[in-house]
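Here are some friendly notes for your first look at this model. Keep the structure open beside them and go through the points in order.

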Amino acid sequence: MPPRLVLASASPFRKTLLENAGLHFDAEPAQIDERAVEDTIEGLDPDDVALILAEAKAQDVSGRHPGALVIGSDQTLSLGGDIFHKPASMDEARRRLLKLSGKTHELNSAIVLARDGETLWRHMSIAQMTMRDLDPGFVGRHLANVGDRALSSVGAYQFEGEGIQLFERIEGDYFAIIGLPLLPLLAKLRDLEAIDG
């Protein structure tokens, strides 16, 4: 009998990706303070930060669900040497979009599988996201249109929605951009005989 799957996330986007793929799973957000974890790992590359946070989430939830296969994930956004987090206000979202305007940033999407406190697998996907030059007036109108949804992602945009209008070019896996590298995850779940394959 395949193991029970648990997604260590409250993200509606990640839940929808797994549901659309036909997976049966429970979802439970991890109870970790991401900023506190990051404070202990300062100076690491954005992909290492994402992997460490994804693993911390998977381990946290794994401790409460014996025998379950727990999916932990995290995404960082980096521009140059800076790592960004979800904006705390609409003003911060506006400043974020203007800072990303006309530049290429990276989304680093990590995924980890854990069971009974043991990490079984880690994966990282990186997407290169090039924003077009954004007019400040357009940014204001865009944020007024999308509202608080802008505060739910590190880039202050939803690529799968109106945020697509902000971009000139992307290079990378669509699912990794949304926040869950789905194809590598499904392949590993088949390898572990956790899903039919």
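1. Let us begin with leucine 185, which touches Leu18, Ile71, Ile111, Leu113, Trp121 and Leu180, leaving aside residues up to four places away in sequence. Contact here means heavy atoms within 4.5 Å. Before you go further, please note that this is a predicted model, in which local features need pLDDT of at least 70 and side-chain atom pairs count only at pLDDT 80 or more, while totals for chains, interfaces and linings use all residues. Residues are numbered from 1 along each chain as its sequence is written, and side-chain values use heavy atoms, with hydrogens and water left out.

2. Which residues touch the most other members of the largest nonpolar core? They are Leu18, Leu97, Tyr157, Leu185 and Leu189, in a core of 42 residues. Another core, of 12 residues, lies apart from it and includes Ala8, Ala50, Ala68 and Val70. A nonpolar core is a set of buried Ala, Val, Leu, Ile, Met, Phe, Trp, Tyr and Cys residues joined through side-chain atoms within 4.5 Å. Buried means under 20% relative accessible area, exposed over 50%, and partly exposed in between (1.4 Å probe, protein chains only). In soluble globular proteins, nonpolar side chains tend to be buried together.

3. Now for the charged pairs. The structure holds 10 salt bridges, each a side-chain nitrogen of Lys or Arg within 4 Å of a carboxyl oxygen of Asp or Glu. One of them joins the side chains of arginine 4 and aspartate 26, at 2.7 Å from N to O. This pair links distant parts of the chain, 22 residues apart: arginine 4 is in the segment before β1 (5-7), and aspartate 26 is in strand β2 (residues 26-27). Helices (H or I, at least four residues) and strands (E, at least two) are DSSP runs, numbered from the N terminus. Arginine 4 is partly exposed at 39% relative accessible area, and aspartate 26 is partly exposed at 36%.

4. Glutamate 28 sits in the loop between β2 and α2 (34-40), and arginine 64 in the loop between α3 (46-62) and β3 (69-79), 36 residues apart. Is glutamate 28 buried or exposed? With 19% relative accessibility, glutamate 28 counts as buried, whereas arginine 64 is partly exposed at 31%. Arginine 64 also forms a salt bridge with aspartate 60 (2.9 Å, N to O). Through shared partners, salt bridges join Glu28, Asp60 and Arg64 into one network.

5. Finally, the rings. There are 4 aromatic pairs, counted when rings of Phe, Tyr and Trp (its six-membered ring) have centres within 6.5 Å; planes under 30 degrees apart are stacked, over 60 edge-to-face and the rest tilted. Phenylalanine 159 and phenylalanine 167 have ring centres 5.8 Å apart and planes at 75°, so this pair is edge-to-face. Both phenylalanine 159 and phenylalanine 167 are buried. With tyrosine 174, phenylalanine 159 makes a tilted pair, because the planes are at 50°, with the centres 6.1 Å apart. Tyr157, Phe159, Phe167, Tyr174 and Phe175 form one aromatic cluster.
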